[in-house]
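Student: Could you go through this structure with me? I would like to start with one side chain and then move on to the chains.

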Amino acid sequence: MESSLLVVVVIVTALAFDFTNGFHDTANAMATSIATRALKPKVAVAISAVLNLAGAFLSVEVAKTISSGIVSESGITPAVIFGGLIGAIVWNLLTWFLGLPSSSSHALFGGLIGATWIAAGSGAVHFGVVFEKVIIPALASPVIAGLAAMVATYLAYVMTRRAKQASTTKGFRAGQIVTASLVSLAHGTNDAQKTMGVITLVLITGNMLGTGSGPPIWVVAACGIAMAAGTYIGGWRVIRTLGKGLTDIQSPQGFAAEVSSTAVILASSHLGFALSTTHVCSGSVLGAGLGRRLAEVRWGVAGKMAVAWLLTLPAAAVVGAIAGETASQGSLGTILVAAAGLVIAVGFYLASRRNPVDAKNVNETEQMPAEAPAPVG
Amino acid sequence: MHIDWSSLGLVAVVALVATTVLVALFATGIQALSRRERAAEAGRSDAVATVTAGTSFLLCAAIVLYGIYLIVLG
């Protein structure tokens, strides 16, 4: 395939990934605020969308090294990146359909690792770096966030024990608006950059940008807008699981969870850990559930999430490998992969219509998305 | 392979301390605000509660602003 056409295809696919990243991760920032009714669902996703867009423009530090040394960048071709993106998109759609919060970053890394492995051999994948920069933070960050949220929740309840119930709820709800916004802003600065990095890398490999260039402004804008649009659409299935499925969140818990998420994200990005906002936020919600005495944590839901996390990297890697290898065969292969991606996306969308979750029923719990019928897509 | 345990430990400590301090401050503010409301309902005014609430929320705002500063410059 003519390389410039392939570059265009990859850019479109990257923006599609950014879109799924947006709607998959709305839950991270807003699930707890929606569940405690601190914000109306539509208002919450609108705020989150605007802040994600703003966040995209704030910093391009992460975008400069997209692969973070996980794969050898010399082995990366546009076809490999294309395959990796398709792997990430398919996994994001599957987990969204099942209502499971899983890491978009891990899906992207997994897709890239799989595609690179097949294209350039296992030597091109730096497993040491994967372990150090992806696996360890993935295991540690939810524990840290959960612990902080648990202690903070316990404190919040003990300290406001003698306060009036109504003013406590009102006060923490007001606080939640601020903290949820902070999570959204931090998310925008982190996640939109990954896609910017991918597109920049494609432009460099296609000789349209000089080596070592930062993302051009139109890339920053396109990524910010794609993510904001996805965020505004709202991944209601994931929001319901995180806000209502894991535990019943009250406003002091929501506040503590959001503060903890922000603190962990900021502290670790300041020290250069690439972590998943999804893992951090899920850990916080779980911790907040444990911190309130008598609060019920649904371990079955937590277990399903943990399984999804474990599968994210390898599953996206397998799809990425197949897609990358097929796309490397030439124009026909690329078209085949793009068509398959579209069919899968439409399939999940149609399947989701049979049991829709939207702004209206996001806070109802009688039918958990995790028990939805098996996917047909 | 090199796992940076000290940075990881630092993240844990910073996150734990920052979260606890901010939530404790906010809870103090809410508790004080509630005391102020009760006093007002009884027709009294509680200056200590007012000052405590104001100070707590101001400190919270300062921490949040520092967080935004970190996001923008991070």
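Student: Which side chain does the side chain of A:T312 join in a polar contact?

Tutor: That of A:W91, at 3.0 Å, where a polar contact is a pair of N or O atoms within 3.5 Å, one able to donate a hydrogen and the other to accept it within protein, and residues adjacent in sequence count only if both atoms are side-chain atoms. This is a predicted model, in which local features need pLDDT of at least 70 and side-chain atom pairs count only at pLDDT 80 or more, while totals for chains, interfaces and linings use all residues. Residues are numbered from 1 along each chain as its sequence is written, chains are lettered from A and ligands numbered from 1 in the order in which they are written, and side-chain values use heavy atoms, with hydrogens and water left out.

Student: Which backbone oxygen does the A:T312 side chain reach?

Tutor: The backbone oxygen of A:A308, at 2.6 Å. A:T312 itself sits in helix 11 of chain A, residues 299-327, helices being DSSP runs of H or I with at least four residues, numbered from the N terminus.

Student: Is A:T312 buried or exposed?

Tutor: Buried, with 1% relative accessibility; the word means under 20% relative accessible area, against over 50% for exposed and partly exposed in between, using a 1.4 Å probe and protein chains only.

Student: New topic: how many disulfides are there over all chains?

Tutor: Zero, from a search of the whole structure, a disulfide being a pair of cysteine sulfur atoms within 2.5 Å.

Student: How many salt bridges cross the interface?

Tutor: The rule finds two between chain B and chain A, each requiring a side-chain nitrogen of Lys or Arg within 4 Å of a carboxyl oxygen of Asp or Glu. In one salt bridge, the side chains of B:E37 and A:K164 meet at 3.4 Å, N to O.

Note on methods
Helix = DSSP H or I, 4+ residues; strand = E, 2+ residues; numbered from the N terminus.
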